[in-house]
Amino acid sequence: MTANVENGQVIEGKVTGIQPYGAFVAIDGDTQGLVHISEITHGYVKDINDYLSVGDTVNVKVIQIDEEKGKISLSIRATEEAPEETAKQEYVAKGNDSTNDTGGFNILKDKLQDWIDQTKNK
């Protein structure tokens, strides 16, 4: 089944079918694998059809081969560079970083002594 396919290999394939849970990709004349919806792209994918169509040519990385079940797991996102975390950077820039003394769990730390004092006074 997978004589020419190895774990970690990047291969060009053709989308042969789309289901709500993933896309089937032919990687040679005899071998087909599944790209799970979570492996389509970086980030959340609500509808695979927004990203892929039957007949599309895609680069996929072989992430798992199950010889017993005859299944190959593929990833498109593993062939792409992850986007910068601009949303997180903006969040931190607005002073919401948990390492900042004015946010996150530090508020609990500041309140802890007040709560201890209130308990002692009862």
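## A salt bridge

Which side chain does Glu 39 meet in a salt bridge? In this predicted model, the partner is Arg 77, with 3.2 Å from N to O. A search of the whole structure finds 1 salt bridge, and the pair links distant parts of the chain, 38 residues apart. Glu 39 sits in the loop between strand S3 (32–36) and strand S4 (57–66), while Arg 77 belongs to the loop between strand S5 (71–75) and helix H1 (86–96).

How covered are the two residues? Glu 39 has 15% relative accessibility and so counts as buried, because buried means under 20%. Arg 77, at 30% relative accessibility, counts as partly exposed.

## Strands and hairpins

Now to the strands. Strand S1 (residues 10–19) runs antiparallel to strand S2 (residues 22–26), and 5 bridges join them. Lys 14 has Ala 26 in S2 as its bridge partner. Together S1 and S2 make a hairpin, with 2 residues between them.

S2 also pairs with S3, again in the antiparallel sense and over 5 bridges. Here Gly 22 has His 36 in S3 as its bridge partner. The hairpin that joins S2 to S3 passes through 5 residues.

## A nonpolar surface patch

Another feature to look for on the surface is a nonpolar patch formed by Leu 108, Leu 112, Trp 115 and Ile 116. Together these residues have about 360 Å² of accessible area.

One of them, Ile 116, lies in helix H2 (residues 106–121). Ile 116 is partly exposed, with a relative accessible area of 33%.

Key:
Residues are numbered from 1 along each chain as its sequence is written. This is a predicted model: local features need pLDDT of at least 70, side-chain atom pairs count only at pLDDT 80 or more; totals for chains, interfaces and linings use all residues. Side-chain values use heavy atoms; hydrogens and water are left out. Patches are made of residues with over 30% relative accessible area and no salt bridge: like charges are joined within 9 Å, nonpolar side chains (Val, Leu, Ile, Met, Phe, Trp, Tyr) within 5 Å. Accessible areas come from the Shrake-Rupley method with a 1.4 Å probe; for residues, only the protein chains shown count as cover. A salt bridge is a side-chain nitrogen of Lys or Arg within 4 Å of a carboxyl oxygen of Asp or Glu. Helices (H or I, at least four residues) and strands (E, at least two) are DSSP runs, numbered from the N terminus. Buried means under 20% relative accessible area, exposed over 50%, partly exposed in between (1.4 Å probe, protein chains only). Two strands pair if DSSP finds at least two bridges between them.
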